[in-house]
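Let's walk through this model together, starting with the overall layout and then settling on one helix.

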Amino acid sequence: MAGKPFAGNPVPVSDLATGILDPVLRKRAGISVGLVQSWEEIVGERLASSCRPEKIQWPRRMREEDPFEPAVLVIACEGLAALHIQHQSGEIIGRVNAFLGFAAIGRIRIVQKPLTGTTRKKPPTLRPLSQPEKAKLARTVGKIEDEGLRASLERLGETVLGRKKQG
């Protein structure tokens, strides 16, 4: 390997990758790696699974003395997430601006398209319920007259109890 010999503490690969990718992303999309990495904390886990920041479009300034104008954050999302993003756009703009440290974003543009490479978390596997748990659940929902409601509440109870460790 050509170059300087290694001297000092080891550097995490993620820091090296960020150092390489950040300038490229800033030039191509006007966006930082930090924003992409922190997207889940900014918009929330549920929304982050179906959308991602695509780019930041900065308005052109003809002269240096032209006043600052906020940019447009382009968000790529799938189907129903567009409605959620539109509804929460003011809050998202505020959180992104707080992340960036200044009022950089003035509005959001939504682009609907399928997101590749996103993995959805599998629901946790539920343990089978013991006989006493089944009996208690049946007693709890047994007095509900509506069959559909009773069945729904029973499924909910099975899910809640199945996630808990048996104790």
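Reading from the N terminus, the elements of the protein chain go α-α-α-α-β-β-α-α-β-α-α. That gives 8 helices and 3 strands, where helices (H or I, at least four residues) and strands (E, at least two) are DSSP runs numbered from the N terminus. Keep in mind that this is a predicted model: local features need pLDDT of at least 70, side-chain atom pairs count only at pLDDT 80 or more, and totals for chains, interfaces and linings use all residues. Residues are numbered from 1 along each chain as its sequence is written, and side-chain values use heavy atoms, with hydrogens and water left out.

Of the 167 residues in the protein chain, 26% are buried; buried means under 20% relative accessible area, exposed over 50%, and partly exposed in between (1.4 Å probe, protein chains only).

Now zoom in on α6, residues 89–100. This helix has 12 residues and spans 16 Å from first C-alpha to last, close to the 16 Å expected at 1.5 Å a residue (the expected span is 1.5 Å times one less than the number of residues). Its buried residues are I92, I93, V96 and N97. They sit on the same side of α6 because they cover an arc of only 130° around the axis, taken from the directions from the helix axis to the C-beta atoms. An α-helix has 3.6 residues a turn, so residues three or four places apart point the same way.

What covers those buried residues? Among the elements doing so are α2 (33–37), β2 (71–77), α5 (81–87) and β3 (105–112). On the face turned away from the buried side, α6 carries the exposed residues G90 and A98. After α6 comes G101, with a positive phi near 95°.

How values were computed
Contact = heavy atoms within 4.5 Å.
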